[in-house]
Amino acid sequence: MTGFWENIFVEIAARYSVVILCTIVFLAVFEVVTSYKNWQEIRNGNIAVALATGGKIFGIATIFRYSIEHNDTLLQSIGWGVFGFLLLLLGYFIFEFLTPTINVDKEIGQDNRAIGFISMMISVGLSFVIGASIG
């Protein structure tokens, strides 16, 4: 008989719960670093913000997917997931820096769907690279 924390269902529920909590915290961090209010803009129908936010959610989930797959303990998964998120956040700032003629943050806030789509794809693409690299 296995211990409570070694039960596969308990382990899955713990990892799931931690990823949900981290996703909420990480989205709050993105909310702080952007000039627009994500959920207010989405409520108002801003597709560009929805695309960018969706890419961030997918990116965070993908990073944690790899982190869980390559680490035995919950703490290791959290640690690598947080590190991966920091790299994803850095990627957001690099995107802004590498496009000096475009204020990415402002354009997404103004519902520029092309910029929102590119932002989403950058988050998705980086999450695969980060995920494959961690753990």
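**Helix packing and aromatic pairs in a predicted model**

The buried residues of helix 6 pack against helix 3 (47-70), helix 4 and helix 5 (104-109). Buried means under 20% relative accessible area, exposed is over 50%, and partly exposed is in between, with a 1.4 Å probe and protein chains only. Contact means heavy atoms within 4.5 Å. Helices are DSSP runs of H or I with at least four residues, numbered from the N terminus.

A word on the source. This is a predicted model, in which local features need pLDDT of at least 70 and side-chain atom pairs count only at pLDDT 80 or more, while totals for chains, interfaces and linings use all residues. Residues are numbered from 1 along each chain as its sequence is written, and side-chain values use heavy atoms, with hydrogens and water left out.

Back to helix 6. It covers residues 113-133, which is 21 residues. From first C-alpha to last it reaches 30 Å, close to the 30 Å expected at 1.5 Å a residue; the expected span is 1.5 Å times one less than the number of residues. Its buried residues include I115, M120, V124 and I130, and also G116 and S119. The N-terminal end is capped by N112, with a side-chain oxygen 3.1 Å from the backbone nitrogen of A114. That is a polar contact: a pair of N or O atoms within 3.5 Å, where within protein one must be able to donate a hydrogen and the other to accept it, and residues adjacent in sequence count only if both atoms are side-chain atoms.

In the loop between helix 5 and helix 6 we find D111. Its phi is near 65 degrees, a positive value in a residue other than glycine. D111 counts as partly exposed, at 25% relative accessibility.

Next, helix 3. Its end C-alpha atoms are 34 Å apart, which agrees with the 34 Å that its 24 residues should span. At its start, a side-chain oxygen of N46 comes within 3.1 Å of the backbone nitrogen of A48. N71 sits in the loop between helix 3 and helix 4, and is buried at 8% relative accessible area. The N71 side chain reaches the backbone oxygen of S67 at 2.7 Å.

Now the aromatics. How many aromatic pairs does the structure hold? There are seven. Rings of Phe, Tyr and Trp (its six-membered ring) pair if their centres lie within 6.5 Å; planes under 30 degrees apart count as stacked, over 60 as edge-to-face and the rest as tilted. F26 and F85 are stacked, because their ring centres are 4.0 Å apart and their planes are at 5 degrees. F26 lies in helix 1 (residues 8-33) and F85 in helix 4 (residues 74-98), so this pair ties together parts that are 59 residues apart in sequence. F26 and F85 are both buried.

Y92 and F93 make an edge-to-face pair, 5.9 Å centre to centre with 70 degrees between the planes. Y92 is buried at 8%, whereas F93 is partly exposed at 40%. F26, F30, F64, F85, Y92 and F93 form one aromatic cluster.

Last, the core. F26 is among the residues that touch the most other members of the largest nonpolar core, which has 23 residues. Such a core is a set of buried Ala, Val, Leu, Ile, Met, Phe, Trp, Tyr and Cys residues joined through side-chain atoms within 4.5 Å. Helix 1, helix 3, helix 4, helix 5 and helix 6 each give two or more residues to this core.
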